[in-house]
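Please read them with the structure open beside you.

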Amino acid sequence: MLRYTLRRLASAVPTVFIIVTLTFFMIRLAPGGPFDLERPLDPLIMENLKRAYNLDGSLWSQYLTYMGNLMQGDLGPSFTKRDFTVNDLFASGLPISMLLGGLAISLAVLIGTILGAIAALRQNSWLDYTIVGLATFGITTPNFVVAPLLSLFFGVILRWLPAGGWSSSDPAYWVLPVVTLALPQVAVIARLVRGATIEALRSNHVRTARAYGLPARTVVVKHALRAAMLPAVSYLGPTAAGLLTGSVVVETIFGLPGIGRYFVQGALGRDYTLVMGTVVVIALFILLFNLIVDLLYTLLDPRVRYD
Amino acid sequence: MTEMPIPTPGTPSPQPEAIVGRSLWQDAWIRLRRNRAAVASALVLAFLGLVGIFGPMLSPHDYTRVYPQFVRAPASLEPYPRADVVIPNFERTMARARIEGTPVLENGTVSVQIRDEEPIDDRILRYFQRSDLFINPRLDLAPDGLSGTLSADVEQLYFLFGTDAVGRDLMSRIFIGVRISLAIGLLASAMALLLGVTYGAISGYLGGRGDNVMMRIVDVLYSLPFIFFVILLVVFFGRNLVIIFIAIGATEWLDMARIVRGQTLSLKRQEFVQAAEALGATRAGILMRHVVPNTLGPVIVFVTLLVPKAILLESLLSFLGLGVQEPLTSLGLLISEGAANMRGAPWLLIWPALTLTAILFALNFLGDGLRDSLDPKDR
């Protein structure tokens, strides 16, 4: 197991390397620069600015400098948010995005699994059809529709919850963003678990468990659901990585200080280091969670062995 | 009918005319028609498609026309301006013209009976000509010139879905938004279809090392966070429609390539392909005539599910301000404007949101229905 984990981590290095390199050259080839204003700066000032931010050398030497700093964990200074390094920005924003994303995933797994299992156990009943219908609705309604509607109804019309804004001490501010993030995932997980549970209930090992006379609850929870979690788990890997690194839509609508907005802001402002930093963080999260998914597989499915 | 009669050549059947085989497509069509949700979705889509094509032409307002006097007018079946706006406005103008009376609004015409000791001068009409609310003011004087009827028309405008934050008719904007969203969804899917089918069919048909290399490339592309590349492309290379659909199409072809490759791998070992090879058909000819048409079933299903994905992606880009640019609009842009104005004008959010949800819902149901009807195992 340990050897497998180490090997996977080692094989992730070239992938991150490719992603970082591609992004670096793509953003540099784009027209425009971080210090372009409506009125062009004085050439002398421009030169000094470029020297201060290490933009004066050749593209290749800049790339080597950036990669060298990256190896030491230094993501560089932000070009548009003066006085902040990219590390500072992530240190303040990432915990918020991870808190909201983590809560959303937990909520989605809990509710999605329960709904999916209920639908599968009562297959073709009105309960099943209701859950499947709601799930289709959840999948097709994009979060930039859900977020403002929730904010409108619960924040503006009913005034139960704050319509937007952030407070790290008051959980009332967390509810609407977490629900918005969780809703589509609840829908997907419910559908995946429903399909897999229906299949698992017909499988040999569940039939054997029934034949042994195990109580129905044990058969469903321990044998059928365990096998039925597999598709949901492999779906959750990249999804969790995406949710924990923040959502640009949810952060924009609710006005949250997470890191989800940095990519679009950085790309629009040609903030090279900010864009690169976001890509690095997201790529690391995706690779980490794919690894976690593979390790979870060994726990859930005794047929999967990596040694 | 639960079993399909399979006419086997060689064995004489007692009633040859009674046995009529149904092709996969006929069978799928029959089963699709039985699926009520799919038929309803197809009708909704057809309706929205017509709205997208003809709506902007039939709409009474141009989608770029600004009505500065009707900013954020709520959705309503009644015409604008309202009677409770017209009468006070008319009375104010009358006061300026120093005439008295009680004006009445009827069928889009305001009129008032006036009477004076001195002959009425028709220059009082100028006060009404100056107002942007009244058109064609006129004076019908009695022969003595001391009394008469002053009347003016009011342009009646209908804003069934209300107007937006700068006073443009929301319904016309939704029509154009539906057109843009559907067009981008279809074009991007066509782009992904073309790329994916070509790449997948070539990869699968080549087999061996070529196939290996081509699929490794797909795997590497798969692990990239693609939404970020779409955003980078759109930010850097301009925000026009062509870039948007090329960017979306270029990111959505990977699944298509995998599906087609899998199909091609199994198809190329079949007898009819070997027969074509034995007859000396060229590789390209075999691919085009025999392999690609046989992969269409799963491909069509995938395209139906790809269109909503592309629409969603375009709406997301527009929502972030990276999509189509004003005064052109798309549903995502309308929703984004609605979200910004939802406190004072919730209809600006609700109508575009409902329209987008209806499109996505219908496409998903149609895709599910097609998958069920094209799957020969599921009867």
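1. A salt bridge is taken here as a side-chain nitrogen of Lys or Arg within 4 Å of a carboxyl oxygen of Asp or Glu.

2. Residues are numbered from 1 along each chain as its sequence is written, chains are lettered from A in the order in which they are written, and side-chain values use heavy atoms, with hydrogens and water left out.

3. With contact meaning heavy atoms within 4.5 Å, the interface takes 33 residues from chain A and 34 residues from chain B. The two chains bury about 3,000 Å² between them, 86% of it on carbon and sulfur atoms, where buried area is the accessible area (1.4 Å probe) that two parts lose on being put together, summed over both. On the side of chain A, the residues that lose the most area to chain B are A:M26, A:T140 and A:F144, which together make up 20% of what that side buries.

4. Which elements of chain A give two or more residues to the side that touches chain B? They are α1 (2–29), α5 (126–140), α6 (143–157), α10 (248–254), α11 (262–268) and α12 (272–300) of chain A, helices being DSSP runs of H or I with at least four residues, and strands runs of E with at least two, numbered from the N terminus. The largest share, seven residues, comes from α6(A).

5. Chain A comes to twelve helices and zero strands. Over all chains, the structure holds five salt bridges. The side chains of A:D128 and A:R194 meet in a salt bridge at 2.8 Å, N to O; this pair links distant parts of the chain, with A:D128 in helix α5 of chain A and A:R194 in helix α7 (residues 172–201) of chain A, 66 residues apart.

6. On confidence, pLDDT is the predictor's confidence in each residue, from 0 to 100. Chain A averages 85, with 98% of the residues scoring at least 70, and its confidence is lowest in helix α2 (residues 43–52) of chain A, at a mean of 80, and highest in helix α4 (residues 86–121) of chain A, at 92. The mean for chain B is 79, and 92% of its residues reach 70 or more. Over residues 10–14 of chain B, pLDDT stays under 50, and the model has one contact beyond four places in sequence for them. Where pLDDT is low, the predicted coordinates should not be read in detail.

7. For the complex, the predictor gives an ipTM of 0.74 and a pTM of 0.76.
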